[in-house]
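I opened my notebook to look up a few features of this structure. My entries follow the order in which I checked them.

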Amino acid sequence: MIPQPTAQQALPDETFTLPTDATIGVDDPSARPIADRLAAQLRTSTGFALPVQEGAGTITLSTKGPAALGTEGYELRADGSGVTITAATDEGLFRGVTSLRQLLPAKAESSTQQDGPWEIAGTTISDAPRYGYRGVMLDVTRHFFTVDQVKHFIDLVSLYKINRLHLHLSDDQGWRIQVDSWPRLTEYGGSLQVGGGRGGSYSKAEYAEIVRYAAERFITVVPEIDTPGHTNAALASYPELNPDGVAPKLYTETEVGFSSLTVALDRTYEFLDDVFREVAEQTPGDVVHLGGDEAHSTPHSDYLTFVPKAAELVVKQGKTVMGWHEIADGPLPAGTVVQYWGTEDEKAQALAVKAVEQGATLVLSPANRAYLDMKYHAETPLGLDWAGLVSVEQAYDWNPATLIPGVPSSAIRGVEAPLWTETLDDLEKVEFMVFPRLPGIAELGWSPESALDWTTYKDRLAEQGPRWEVLGVNFYRAPEIDWR
Ligand code: TNX
């Protein structure tokens with residue numbers, strides 16, 4: 001399994017076999033949607049009727065589980081008489097069902113009817129995550145991805161117990177979320193993408209659909225509006241945001257660091273007030289990300305003036321501020337989440353320390369480990385290499401608790417694997433960069449430190465191959481993995 005559970009024991013003399021007349025039982029109506037979706041998948045692949053009923057079933061989902069395992073924890077038992085998943089919350093049940101899917105044969109994921117037997121080797125599991133934030137980021141600005149594409153992405157990442165989807169919604173190349181009070185952001189600012197092709201954007205209804213779909217899989221959307229740099233699409237849409245009142249052209253190349261909001265302009269904050277209000281209104285999650293990275297054309301003193309003002313506008317909406325680690329150079333509101341994207345550079349590490357000294361928590365996305373847009377090896381046809389080559393082992397073989405000297409493990413809120421899409425214009429390319437590296441980051445976020453071991457992980461990873469084949473995932477068959 002990936003992520004490796006906290007504790008798992010074999011029941012050597014027991015095998016669960018899903019019978020033709022199997023049922024799925026729920027003891028709480030709130031868990032019904034989880035049972036219904038499991039039933040729907042298994043009906044498709046097994047051809048069994050799999051009615052969902054109240055009370056016990058062949059597979060039972062119970063919310064009477066131990067509170068000690070937290071909101072995402074669960075227990076699972078598979079033996080000769082059935083499968084029971086217990087958790088204290090629906091979220092915990094969902095994570096347990098995710099594990100059950102991995103215990104079943106890969107063909108259980110099929111979209112066409114397959115032959116059994118549908119067996120699980122007897123086992124007991126008691127499981128809960130190491131970190132509460134286990135994210136993936138999708139950059140929908142450099143290349144736009146439709147709602148259906150994002151849903152597909154959500155389906156795949158949810159298999160690895162990812163619980164945050166960070167959407168990078170604005171950048172130089174495009175503005176991708178509707179803002180009613182500034183309609184040209186999407187109408188004009190969202191019209192193109194890298195390479196000059198047609199871009200796109202999410203209407204409020206479409207964005208709500210992404211948020212809903214993610215929530216159904218217990219994934220919280222973290223929207224990012226990148227400021228004060230990475231703002232050419234906004235500056236191009238509204239001349240009034242520019243110091244000289246002249247809008248730049250739309251931009252469809254891939255340089256970074258050339259654009260900036262105007263820090264001295266009142267209109268800048270009226271703009272951000274509207275944007276953060278409308279984005280926050282559409283975000284049930286607790287966090288709004290204000291970017292803050294690579295503001296190379298914002299004078300540093302301006303940057304230090306800007307970040308607290310922008311952060312205040314997020315706080316005003318009742319949301320927790322999240323930002324890339326550069327924001328830690330100035331004062332941060334209480335509870336800020338700082339996203340570390342450094343490699344081994346001392347400057348970035350010093351900013352992480354400065355963040356923690358201010359009481360912030362860290363989400364770790366070290367670019368030389370967790371950046372899913374880095375090439376696997378020198379010949380990888382897609383991706384970038386500014387942070388180095390990121391092999392499957394390189395992505396997996398690190399410890400979040402000790403990554404940054406001077407940062408105590410208690411300050412680590414979790415991990416996130418960002419996928420920037422300068423070189424990725426369709427889902428096949430996205431899948432190629434995400435798989436097989438994301439499961440490794442997901443395991444670092446979930447599994448106990450004692451379970452992390454490249455040699456054994458490699459074997460577990462190999463077993464995911466047949467699943468991805470059944471699911472039609474275009475994964476990179478890294479030669480160092482002994483794919484089954
Ligand atoms: C740096 S990392 C960026 C992005 C690029 C990415 C490409 C960070 C916070 N900003 O603007 O897309 O590199 O790898």
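I sorted the shell around the ligand by class and got eight nonpolar, one polar and five charged residues. Here Ala, Val, Leu, Ile, Met, Phe, Trp, Tyr, Cys and Pro count as nonpolar, Asp, Glu, Lys and Arg as charged, and the others, Gly among them, as polar.

I noted the ground rules. This is a predicted model, where local features need pLDDT of at least 70 and side-chain atom pairs pLDDT 80 or more, while totals for chains, interfaces and linings use all residues. Residues are numbered from 1 along each chain as its sequence is written, and side-chain values use heavy atoms, leaving out hydrogens and water.

**Around the ligand**

Which residues come nearest to the ligand? Of the 14 around it, I listed Arg 142, Tyr 371, Asp 373, Trp 386 and Glu 422. A residue is near if one of its heavy atoms lies within 4 Å.

Asp 373 has a polar side-chain atom 2.7 Å from a ligand oxygen. The side chain of Trp 386 has an N or O atom 2.7 Å from an oxygen of the ligand. The protein covers 98% of the 360 Å² of accessible area that the ligand has on its own. That area comes from the Shrake-Rupley method with a 1.4 Å probe.

**The barrel**

I traced eight strands that close into a barrel with parallel pairing, in the order E8-E9-E12-E13-E14-E15-E16-E17. Strands are DSSP runs (E, at least two residues), and helices are runs of H or I with at least four, numbered from the N terminus. Two strands pair if DSSP finds at least two bridges between them. The twist averages 30° from one strand to the next. Angles run from 0 to 180 degrees between N-to-C directions of axes fitted to C-alpha atoms, for helices over the stretch in contact.

I picked one pair. Strand E15 (337–340) and strand E16 (361–364) run parallel and share four bridges. Tyr 340 has Leu 364 as its bridge partner in E16.

Most peptide bonds are trans, and most residues other than glycine have a negative phi. I found a cis bond between Thr 227 and Pro 228, with omega about -15°. Pro 228 lies in the loop between strand E12 and helix H6. Another cis bond joins Phe 435 and Pro 436, with omega about 20°. Leu 50 is not a glycine, yet has a positive phi of about 45°.

Notes
A polar contact is a pair of N or O atoms within 3.5 Å; within protein, one must be able to donate a hydrogen and the other to accept it, and residues adjacent in sequence count only if both atoms are side-chain atoms.
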